[in-house]
Amino acid sequence: MADSLNYYDGFRTFSWFADFIGLPIDQANFVITQFIALLLAGLFRSSLSHKVVKPATRHWFGLTIGLALGYFCFGRQAVHLVGLPVFCYTAMRTQNADCMQRAVLVVALAYLSTIHIHRQLYDYGSYTLDITGPLMVITQKVTSLAYSLHDGLARNKEELTPLQRRQAVYKMPTMMEYFSYVFHFQALMAGPVIFYRDYIDFINGDHMKDATKSLTGQNNEKTLENVNEIVLEPSPMKIVVKKVIASLMCAALFVSLIPSFSIQKLKDDDFLQESLFYKLWYIIVVTTLVRFKYYYAWIFADAICNNSGLGFDGYKENGEPRWDKFANINVIQFETSLSLRDCITNWNMGTNRWLRSMVYDRVKRQKILLTYALSALWHGFYPGYYFTFANGVYFTLASRNVRRYIRPFFLGSKNMKFIYDVITFISTRIIMAYISFAFILLEFLPSIRLYLYMYLLPHLFGLVAIVILPYLLSSRLPERSTETSNKISSETSNVRNGNLKHKTM
């Protein structure tokens, strides 16, 4: 811990507060900056509303506060907050629109990778908060902007997917617009990634246009202009309070319980000698508790965005406002998911949107492999990351085969379907823990040892699903018309994701 604290370069003005609440100074500073951001965010809806001040004022406010909080939290390391976007903006300005997006991607990942390597050399295996967190968010912003510029300036609209058309940018941002987007304080520390078009719509007050569509069901601009005159942006106070309370509860659970379930115990010889069931139970508990740290940061960051007006996504059918356009996590859906696919969909949703826009929707082959590869490189170079993402590819393929070849046998009745759901719920919890323990363990040999002491059983079951199931069952599926199977699948999906559909669109 001493080495980690020496590596940390943020302000130590509130060390007394860190000692009082029992947190390391890096975590205490992060909490302080997030509460400051929460309070200042409300100004965007009052004295700095788009109805009161010009867009330039809103740009400068978000930019200035973001830089100040970044410097407070990371000290001299904050120079990298400026360095990466400066190099990327230079690439945007100097490269042709046909290839500019690739140049920005290479520059951003090279800069971020250099910082990742530096940390691994000087602070290996530490969980100290450092500049790599905000740099990862900035990398998402600048690369997504570069690809949106490429879509707007170098491609025909007919070639674009609906999401690409929505996010396309048709003119180069000014320096003020660019750096305001990169540094705005609502999403600098912990995300979520917000696409440039959405941010500019927020600054200019145009984000209400999308909201009115859900009220009128019409898309013509004349109708939207008329509706905008009478529709007021709802107050986010209720949802902000709910999210702050929920995030603090997650933080309290993490701080109070994680000392009893040490991550380092996974390396102990005594632990490795325990029974397989004990090891499975322990990694499920410890990986679940670690997730609460992310829940706290992401839910609180979402509350900050909401308090400024970011994240308003129209209205539900009952007229209740939705404030989850940029939500990073759906805790309930994640923790109760019945498949690996649903887990991935509801985890770090902002990064999922970024990966889809950067890779999945743009490549024609090896979509899953290339998407996981970018995600791993973006995270850094700890071996545990690559174990996690390689296993993600492996078990995604396995789960697809299980769904394709096993699930049809359980669709004959509600009871059989319930049994299938129970089995998949339990197996999903096991597989998620098995995949993710290396992510928090980070190191190569301890991860390999734990895999071997668990006899690689999940891997073996996955191999059966990938290789043997198609051979045994491809000709033995229950006779059921394609139309009926699709109908059942669609109805089941609607029941499971009816509310989620409104939350993540």
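I'll start with N29. Its relative accessibility is 0%, so N29 counts as buried, the cut-off for buried being under 20%. Please keep in mind that this is a predicted model.

Where does N29 sit? N29 is in helix α3, which covers residues 25–41. Leaving aside residues up to four places away in sequence, N29 touches Y8, G10, F11, F72 and C73.

One of those contacts, C73, takes us to the cysteines. C73 has 2% relative accessibility and therefore counts as buried too. C343 is likewise buried, because its relative accessible area is 1%. How many disulfides does the structure hold? The count is 0.

Next, helix α18, residues 349–360. With 12 residues, a straight helix would reach 16 Å at 1.5 Å a residue, but the end C-alpha atoms of α18 are only 14 Å apart. Which residues of α18 are buried? They are M349, G350, T351, W354, L355, S357, M358 and V359.

Last, the surface. There is a nonpolar patch made of L452, Y453, L456, L460, L463, V464, V467, I468, Y471 and L472, and together they have about 900 Å² of accessible area. Two or more residues of the patch come from each of α22, residues 444–453, and α23, residues 457–473. L452, for example, lies in helix α22. Which element gives the most to the nonpolar patch? That is α23, with 7 residues.

To recap: N29 is buried in the predicted model, α18 falls short of the straight-helix span, and α23 leads the contributions to the nonpolar patch.

Key. Residues are numbered from 1 along each chain as its sequence is written. This is a predicted model: local features need pLDDT of at least 70, side-chain atom pairs count only at pLDDT 80 or more; totals for chains, interfaces and linings use all residues. Side-chain values use heavy atoms; hydrogens and water are left out. Helices (H or I, at least four residues) and strands (E, at least two) are DSSP runs, numbered from the N terminus. The expected span of a helix is 1.5 Å times one less than its number of residues. Buried means under 20% relative accessible area, exposed over 50%, partly exposed in between (1.4 Å probe, protein chains only). Patches are made of residues with over 30% relative accessible area and no salt bridge: like charges are joined within 9 Å, nonpolar side chains (Val, Leu, Ile, Met, Phe, Trp, Tyr) within 5 Å. Accessible areas come from the Shrake-Rupley method with a 1.4 Å probe; for residues, only the protein chains shown count as cover. A salt bridge is a side-chain nitrogen of Lys or Arg within 4 Å of a carboxyl oxygen of Asp or Glu. Contact means heavy atoms within 4.5 Å. A disulfide is a pair of cysteine sulfur atoms within 2.5 Å.
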